[in-house]
Amino acid sequence: MTDSVKAMRIGPVSDRGASLEIIVDGDPIQAYSGETVAAALMAAGRWTHQIHNGRPLAAFCNIGVCYSCLMTINGVSGVRACQTHVADGLIIETRRLAKDRLK
Amino acid sequence: MKQFEAVVVGAGPAGMAAALELSKHEVNTAVIDEAEAPGGQIYRPIPAAFKVTATKRMTHRQRTGRRLTQTFLQPNDKLTIFAQSAVWGSFEPHSLDVLQNDRIFKLAYDKLIICEGANERFIPFPGWTLPGVMSIGGIQKLLRHQRLIPGKQILLAGSGPLLIAAAAELIQSGANMAGVLEAAKLLEGLPLLSEMFRQKGLLGESIAHAIPLLKNRKLFRQRTCIVEAHGKDRVEAATICQLDDDWRPVAASEKVVKTGAVGIGFGFKPGARLSRLCGCKHIFDSKKGGFFPVVDAYQAADRADIYVAGDAAGIGGAALAEIQGRIAGLHAAYSLGRISKNRFGSLIQPLLNSKEKVARYSRKLEQIYTPRDALYQTITPETIICRCEGVTAGELWEQMGKGRLDLTSLKPARLGMGPCQSRGCESITAELLRLEGVDPHMIKPLGLRPPLIPMPISVFEKNNDEVCG
């Protein structure tokens, strides 16, 4: 994961909410209270939010309309990451069709 | 079952204005909105958990929004706000089914005012579903709301005021731009000038957006557009191309630019969904971005007791939305018997006048920035039309060739069958049908069914007593 693919947070992180950790596909990722799951993933350089028939998709409209950022969040599938705020310990699995999981 | 005299869906400029007008005239009103705080897309506040709050210098529009939002949030015993809530169904007239977090409940209303707002409009091209390609509005929201710049370099392409506004904000936030591509010509915007002088705040806002671009003139290219995005797991480069005056890509003018993120958008389309579920008549108009509900001068739809106001009723922007919201609210209060006929007449006339004035600007924007047909040539047979299911233009054209010249009969190709429930592909496919020669008036929207939003089954288990019959 190179820095060049990470979305950049504007201003000092102290401007944001409390620092916390979310778990994305098993990896701990730092995020800040007030951020959306989609934003936290972009800031961590994670741009594959789901895989559909081998085709990667990520947050596109960022306002909850395109459903390209669907994930399983704390066990609930089909949740829009752009409309969900992070919380400490949130467990997130990016979305895969069954056949994409086998690969 | 909760009972209200009026229910407003959406707390953007139209919804807040409608609710304030209703409560002012003693109508017991409920407002339903998906966000945690009111404002809609345009006045969305920075997350409450962030320590930074407002930007240093507010524009006229932002001040207008703050004033409206503050008034809306004032203690008001006639106003009940359901935040983080969405309407997922309406199984009978005068009744809505609402999801709030993990509970569902029914709301009964005498008058319903739908203010669902707008979605952005896109013209697909190969690679537009790659991660890192986002809508311009989506990037603007990342910037304003999440204070995040999506990539090391950003390329913006499309047409209309949002493109320029987002470019200006990105530059001011220190983003490194790979280019700002406007399909229209700068000079074509001249007819807007007279309206900018007439409408308070517009001129100042336009100048504020133009300055960062004037300082970075090399970034701005008119009559230019993106025609392909390249990359494996994420966008890495884009092919850009010059356009002729019909917005037709000019042969051999392609150029590849490196970029870490792309923003695309050609203005907006009405986000009308609930009005369709409620059975209101909708028609297709390319200039308006897609399907929009038919409403009268008071924003009343063709179904009894239902109004649609703001961008959901046809794209007009925040100023027009606020006026339409007030008109709808006032008319609803009048038809509930809270205002005398004479009083209604004197209150509504100035609103109808200013609606007409503000709408002139929107109509000019429509004329200048509506994508011209030749630009749809960027859609190749392999280009994905439905992001969710990966349905390509070629698959749709093949079906159309078999005589399937309406949206519903294209469903076997999985059109509109993905999780977004056709929010993206429907209007694009309607344009493809139009370009195949189908009369726009004959293009009927897909049928919508509840739930309007994906919902976990557990919600229904938990709320057995409220489950619809």
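Analyst: What follows goes through the contact between the chains, then some features inside each chain.

User: Before that, what should I know about the model and the numbering?

Analyst: This is a predicted model, in which local features need pLDDT of at least 70 and side-chain atom pairs count only at pLDDT 80 or more, while totals for chains, interfaces and linings use all residues. Residues are numbered from 1 along each chain as its sequence is written, chains are lettered from A and ligands numbered from 1 in the order in which they are written, and side-chain values use heavy atoms, with hydrogens and water left out.

User: OK, how many residues of chain B are in contact with chain A?

Analyst: In chain B, 47 residues are in contact with 42 residues of chain A, where contact means heavy atoms within 4.5 Å.

User: And what area is buried there?

Analyst: About 3,700 Å² is buried between chain B and chain A, and carbon and sulfur atoms give 58% of it; buried area is the accessible area (1.4 Å probe) that two parts lose on being put together, summed over both. On the side of chain B, the residues that lose the most area to chain A are B:R147, B:L148 and B:R387, together 16% of what that side buries.

User: Which side chains meet in a salt bridge between the chains?

Analyst: The count between chain B and chain A is one salt bridge, a term for a side-chain nitrogen of Lys or Arg within 4 Å of a carboxyl oxygen of Asp or Glu. The side chains that meet are those of A:R80 and B:E34, at 2.7 Å from N to O.

User: Which element of chain B gives the largest share of the side that touches chain A?

Analyst: That is α3(B), with five residues; helices (H or I, at least four residues) and strands (E, at least two) are DSSP runs, numbered from the N terminus.

User: Where do strands of the two chains join?

Analyst: Strand β1 (residues 8-9) of chain A runs antiparallel to β9(B), and two bridges join them; strands pair if DSSP finds at least two bridges between them. Within this pairing, A:R9 has B:L148 as its bridge partner, and B:L148 is also among the residues of chain B that lose the most area to chain A.

User: Which peptide bond is cis, then?

Analyst: The bond that joins B:P450 and B:P451 is cis, with omega about 0°, and B:P451 lies in the loop between α11 (425-435) and α12 (457-462) of chain B.

User: Last one, how many salt bridges are there over all chains?

Analyst: A search of the whole structure finds 28. One of them joins the side chains of B:E5 and B:R338 at 2.2 Å, N to O, linking parts of the chain 333 residues apart, with B:E5 in strand β1 (residues 2-9) of chain B and B:R338 in the loop between α8 (318-335) and α9 (341-369) of chain B.
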